[in-house]
Amino acid sequence: MSVLVIGSVALDTVKTPLEERADLLGGSASYAAVSASFFSPVNFVGIVGDDFPKAHLDLFQQRGINLDGLEVATGKTFRWSGEYHWDLNTRTTRSVALNVFERFSPKLPLPYRRTPYALLGNISPQLQLQVLAQMERPKLVVCDTMDLWISTAQDALMELLTKVDVVVVNDGEARELTKQTSLIKAGRQILNYGPAFALIKKGEHGCLMFGKDLFFSAPAYPLEDIHDPTGAGDSFAGGFTGYLAQVGDLSPHHLRRAVVFGSVAASYCVEDFSLERLKKLRKEDLDERFRVFKQMSQFEG
Ligand code: AMP
């Protein structure tokens, strides 16, 4: 089954302690859609300016992503620049230029409206709500968000949380959203806001999944070299949702596997800048690392 992916499409400038690269393909929807495309057909929703390089569109097309919902507007593409500190877990936003995003009002092509799975990637909750309102109730709606929206658009975000099935946040965002220091309390509290499942990503320490009768803790893949953490969260959400759309089954067994496939996709993403690693990825690579995850976390009772 297919997945609708909405989010940002960006040209990023990324600085790590060892390297700086400019004008890279980025944006939450770019990472999420490419990651999901390894599992399921993707209907893409987003906006770029007329400066957006054709090579990036070619990448989406090579992955079989449906671009009927990608608007190419007069003006400049959204730009973001960030700098990572030595631990690579913390980053500072250096600049953001909304550009064509300032007047983005997504209108779903008619055939998109019945897409059974939706991934509302990181973008303002108002835009996420606008897209969701145009869909016929999907089988599963997953949403991602970021600290910016928790502090500047909390009402819209809380409204969104009443309308989605799964929310994906990182540990810092979970604490900020719930005002809890314990991630266990935070995860449970997020369920009270509406979603059936809450996923809390802990970077190099793995991921926690909370549901009414479900708790799952997945490790992170022990990577030695991380080149650029940008997009790890979006790749996680893309792999998670794409896998669930592929199997069409929301049982705890498949939800756990989805968390691991999301973690696998994220682990590949950070091995290179931008989408360079995902571009070269094969489905077999995802399956191989999935097996390693299983081996790594298995023990006898
Ligand atoms: P992540 O590393 O998963 O948090 O996602 C990084 C991506 O988010 C980058 O490629 C940025 O272009 C994009 N991004 C940064 N700020 C925003 C924002 N305010 N809205 C939407 N996307 C953003």
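Which element gives the most to the shell around the ligand? In this predicted model, α8 does, with three residues.

**View 1. Eighteen-residue shell: 18 residues surround the ligand.** The closest are Ser 8, Asp 12, Gly 27, Gly 231 and Asp 234. Sorted by class, the shell holds eight nonpolar, seven polar and three charged residues.

**View 2. Four elements, β2, β6, α4 and α8, each supply at least two residues of the shell around the ligand.** The two strands are β2 (10-15) and β6 (78-84). The two helices are α4 (147-152) and α8 (232-247). Of the contributions to the shell, that of α8 is the most, at three residues.

View 3. At Gly 233, a polar backbone atom is 3.4 Å from an oxygen atom of the ligand. Taken alone, the ligand exposes 510 Å², and the protein buries 89% of that area.

**View 4. Four strands form an open sheet with mixed pairing.** The strand order is β3-β2-β6-β7. At the edges are β3 (20-26) and β7 (91-97), each of which pairs on one side only. From one strand to the next, the twist averages 20°. Both β2 and β6 also supply residues to the ligand shell, at least two each.

**View 5. Strands β6 and β7 run antiparallel.** Six bridges join this pair. Across the pairing, Trp 80 stands opposite Val 96 in β7.

**View 6. Thr 115 sits in the loop between β7 and β8 (117-120).** Is Thr 115 buried or exposed? Thr 115 counts as buried because its relative accessibility is 2%, and the cut-off for buried is under 20%. Its side chain makes a polar contact of 3.1 Å with the side chain of Asn 43. The side chain of Thr 115 also reaches the backbone oxygen of Tyr 112, at 2.5 Å.

Key: Residues are numbered from 1 along each chain as its sequence is written. This is a predicted model: local features need pLDDT of at least 70, side-chain atom pairs count only at pLDDT 80 or more; totals for chains, interfaces and linings use all residues. Side-chain values use heavy atoms; hydrogens and water are left out. A residue is near a molecule or strand if one of its heavy atoms lies within 4 Å of it. A polar contact is a pair of N or O atoms within 3.5 Å; within protein, one must be able to donate a hydrogen and the other to accept it, and residues adjacent in sequence count only if both atoms are side-chain atoms. Accessible areas come from the Shrake-Rupley method with a 1.4 Å probe; for residues, only the protein chains shown count as cover. Ala, Val, Leu, Ile, Met, Phe, Trp, Tyr, Cys and Pro count as nonpolar, Asp, Glu, Lys and Arg as charged, and the others, Gly among them, as polar. Two strands pair if DSSP finds at least two bridges between them. Axes are lines fitted to C-alpha atoms, for helices over the stretch in contact, and angles run from 0 to 180 degrees between N-to-C directions. Buried means under 20% relative accessible area, exposed over 50%, partly exposed in between (1.4 Å probe, protein chains only).
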